[in-house]
Amino acid sequence: MRILRRRGWELPERMATPEVFVLGRRTALAGAGSIALAGGAHADAQRNAKYAPGRAITDEKYATTYNNYYEFDEGKDLWRAAQALKQRPWSISLEGMVKQPRTLDIDDLMKQVQLEERVYRHRCVEAWAMTVPWTGFPLSQLLSIAEPLGSAKYVVFETAQDPKMPGLSSPFYPWPYIEGLAIDEAANDLAFISTGMYGKALPPQDGGPIRLTVPWKYGFKSGKASVKISFTDKRPVNFWQALQPSEYGFWANVNPDVAHPRWSQARERLLGSNEMVPTQIYNGYGEFVASLYTDRKSEKLFM
Ligand code: MTE
């Protein structure tokens, strides 16, 4: 075991629930049809109503002040420190098994995609959850831009390593933060690249300016602040898996019946109200993603 000290998500539930997280929810916007919001590229994004979350949207103040971002801190209160991460200029390199490796400026990339808003449930392996209106574009659009070779089987996201990130000085962690998806998962319409939330640009603490969002998997799959997206035929070892392979795997699909080795995944705590609710398999998105796994039943799909 390489775990030498307690990580954030090993905190007992009572300690992981700061008292400031008292009741406070924004009323969910009407679910049916697309809603045009006013002002700015993110605010103008139309809501895609296909994936109605069935829950109230979490108040923005919780989603933007209770974060996991180990490059900044092992605790949750890192949003102030994260403001130091400059959001522009920002470029993303497309590498590995692609037709033509290249580097894209984020603003050029955003001109090539159609921004939309999606309200997704977001479930951390630590058993807290929120419901977030992300803006961005389906990852499948980025695949079309990247043009991976037919032989590529996985896509790998690498997070920035910036001198303003104090956590990087800890040799305990296997930096950089890496996450990956199988190509067919990445091509699924639910897999999303977020560049905004709550109708605004994505704040640095939530992974701004650009992050992966994979709502049917535990939150750790959603790597923040992407600077490199590479394509490979070798299954990547993600950050948490590299740190603790007995506890974290590649697939990490949400499943209430498969406990983490040290705690149950049966229920989750909604940020804001602290209400405990049952967790759903694939975080409730099974109708859209379960078929990805019918031929992978022999794999460890749920951690
Ligand atoms: N990405 C990076 N680069 N570093 C991290 O520590 N934490 C992950 C994921 N992406 C993490 C990361 C975990 S454990 C979760 S639950 C989500 O980010 C949290 O996203 P949020 O802070 O926007 O809610």
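Lys224 lies in the loop between β10 (211–213) and β11 (226–232); strands here are DSSP E runs of at least two residues, numbered from the N terminus. This is a predicted model, where local features need pLDDT of at least 70, side-chain atom pairs count only at pLDDT 80 or more, and totals for chains, interfaces and linings use all residues. Residues are numbered from 1 along each chain as its sequence is written, and side-chain values use heavy atoms, without hydrogens or water.

Lys224 has a relative accessible area of 10%. That makes Lys224 buried (under 20% relative accessible area, 1.4 Å probe, protein chains only). Its C-alpha atom is 4.5 Å from that of Arg211, 13 residues away along the chain.

The ligand has 19 residues around it (a heavy atom within 4 Å). Tyr70, Asp206, Arg211, Ser222 and Lys224 come nearest. By class, this shell holds eight nonpolar, seven polar and four charged residues; Asp, Glu, Lys and Arg count as charged, Ala, Val, Leu, Ile, Met, Phe, Trp, Tyr, Cys and Pro as nonpolar, and the others, Gly among them, as polar.

Now the contacts with ligand oxygen atoms. For His122, a polar side-chain atom lies 2.9 Å from an oxygen atom of the ligand. The protein covers 100% of the 530 Å² of accessible area that the ligand has on its own (Shrake-Rupley method, 1.4 Å probe).

Terms used
Polar contact = N/O pair within 3.5 Å; in protein donor to acceptor, adjacent residues only side chain to side chain. Helix = DSSP H or I, 4+ residues; strand = E, 2+ residues; numbered from the N terminus. Buried < 20%, exposed > 50% of the residue type's maximum accessible area, 1.4 Å probe, protein only.
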